[in-house]
Amino acid sequence: MKKILSIIQFCFLLTGICTVLSSCNDENFSSNPSHILAFSQDTLSFDTVFTSIGSATAKIKVYNPNKEALKISSIVLANAANSGFKVNVDGEKGTQFSDIEIQGKDSMHIFVEVKINPLDRDNPVLMKDSLVFITNGVKQDIKLLACGQDVLILRGKTIHKDTTFTSRRPILVYDSLRINNGAKLQCEAGTRLYFHDKASVLVHGTIDAQGTLGNPVLFRGARLDNMFTNLPYNRIPGQWGGIRLYSSSYQNRFDYADIHSGQYGIRCDSSSVDKEKLRLTNTILHNVEGDALSLISCKATVANCQITNAGDNCVTLLGGDYTFTHCTLANFFSWNIRNGVALAFANKLNSVGYPLKTLFYNCLITGSSSDEIKGSKSDNTSIAFDYYFSNSLINSVEEKSERLVNITWTKEANFKNIDKENYKYDFRPDSLCKAKDIGNLEIARNYPYDLNGRNRLQDGKPDAGCYEWMPGDK
């Protein structure tokens, strides 16, 4: 009996201790109105979000900067029914939460995403909401912003007849876009094509992308979010496939197009050299895993173009008939190990010969290595290996030849910005650029305006490359 009483007494004692401890624990939560929360940011912005697709998940950090613990009375998504924002607090999804505890000098994460219903609007619409916190009777909030954009979604689309894409809404491509033989796709100025992972443009017919200086035709990956805080996926290569022009494809044109961050840029399969396969003008090909421009035994004209940063070669030529005028070929690719150069040309592949004729006028060819040109010539002298460079800056081993006229041999191109850490590049020349004033004036008259619309004939001394430096440039 005494033993039973002792056990009962012990239980009462234990209950009392727990009650006291619980009471003490409650008293550790500060009720001081001056003790409030701190946040990693006061506004969370998702920029552009395609309607019906949904965003990546973003993170907010909530701090308790006080020594004492805080109890958040409520966390409420103010306009949850209409805004499309979704919240996860402490592992639970919802629109309102209560009695959330944060110990002193501790923190917690809140995860936010947004999925916006179609808006039936051509222009982006700003969506707003706020996450409201009540702590010790004090109201605090974090603004939530997203720009909703209706988008035309194409899944495994095949173009069977002449078709025009407009700039009305962005186009999101899944499972590639195919243009059949005999069909032509016209892309008007301002057309924006976003490609899902590995999706490409597969051209058996013809593509004609006619942008303008202010409204280029855009080809890029579909991810609009960031890999890291200061690194958008748009700066990372390999976000989509690329543009492939098959053997049956001729008379393709890109004027004022921006093609970047793919597995490759434009790849041209072997075709007859008697008919132009590609005319590329006023266009940027930038930041790809493989070749930015690959031309195999075909005919192409390339002028006033920036072709930069490729994991393999910026330009690869295998046989064919090509003319390059006022182009900047610069390879400072730094995402991973670079395997190529700014320019590679050859008249053979294995034991097969490919007659080559290529001309470069007023071009700038450079990169981060000591030699950015690689040539490969067949031992069979009957296979043409004709090349000519004039009035150009070339980063390669100096060579004396009647095929190399008025060449500035140097690695020092001096561009506006080569930031390999943040993957930011500006290939306009600065005041020290050695490509200044070395271009041939008569050749320049064929392309009087540079890629930014500046008159390169103004001082009678055009620069090599696609950009013209002018006094007053910073």
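Buried, in these notes, means under 20% relative accessible area. I am working from a predicted model.

**Entry 1: aromatic pairs**

I searched the whole structure for aromatic pairs and got 19. I describe each pair by the distance of the ring centres and the angle of the planes. I looked up F195 and W240, which are stacked, with 4.5 Å centre to centre and 15 degrees between the planes.

Where do F195 and W240 lie? I find F195 in strand β15, residues 192-195, and W240 in the loop between β20 (231-232) and β21 (243-245). The pair therefore ties together parts that are 45 residues apart in sequence.

**Entry 2: a second pair**

I went on to F219 and F254. Their rings are edge-to-face, with centres 6.0 Å apart and 65 degrees between the planes. This pair links distant parts of the chain, 35 residues apart: F219 is in strand β18 (residues 217-221) and F254 in strand β22 (residues 252-255).

Are F219 and F254 buried or exposed? F219 has a relative accessible area of 1%, which is under the 20% limit, so I note it as buried. F254 is buried as well, at 0% relative accessibility.

**Entry 3: a cluster, and charges over rings**

I noted one aromatic cluster formed by F324, F345, F360, F385, Y387 and F389. One of its members, Y387, has R403 over its face, at 4.8 Å from the ring centre.

I also looked up R155. Its charged end sits over the ring of Y174, 4.2 Å from the ring centre.

**Entry 4: cysteines**

How many disulfides does a search of the whole structure find? I get zero. A disulfide is a covalent bond between the sulfur atoms of two cysteines. For the next step I need the cut-off: the two sulfur atoms must be within 2.5 Å.

C363 is buried, at 0% relative accessibility.

I repeated the check for C433. Its closest cysteine sulfur is in C466, at 11 Å, and this is again too far for a bond.

Technical notes
Residues numbered from 1 in each chain as written. Predicted model: local features only at pLDDT ≥ 70, side-chain atom pairs only at ≥ 80, totals over all residues. Heavy atoms only, no water. Phe/Tyr/Trp six-rings, centres within 6.5 Å; stacked < 30°, edge-to-face > 60°. Helix = DSSP H or I, 4+ residues; strand = E, 2+ residues; numbered from the N terminus. Buried < 20%, exposed > 50% of the residue type's maximum accessible area, 1.4 Å probe, protein only. Lys NZ or Arg CZ within 6 Å of the ring centre and 35° of its normal.
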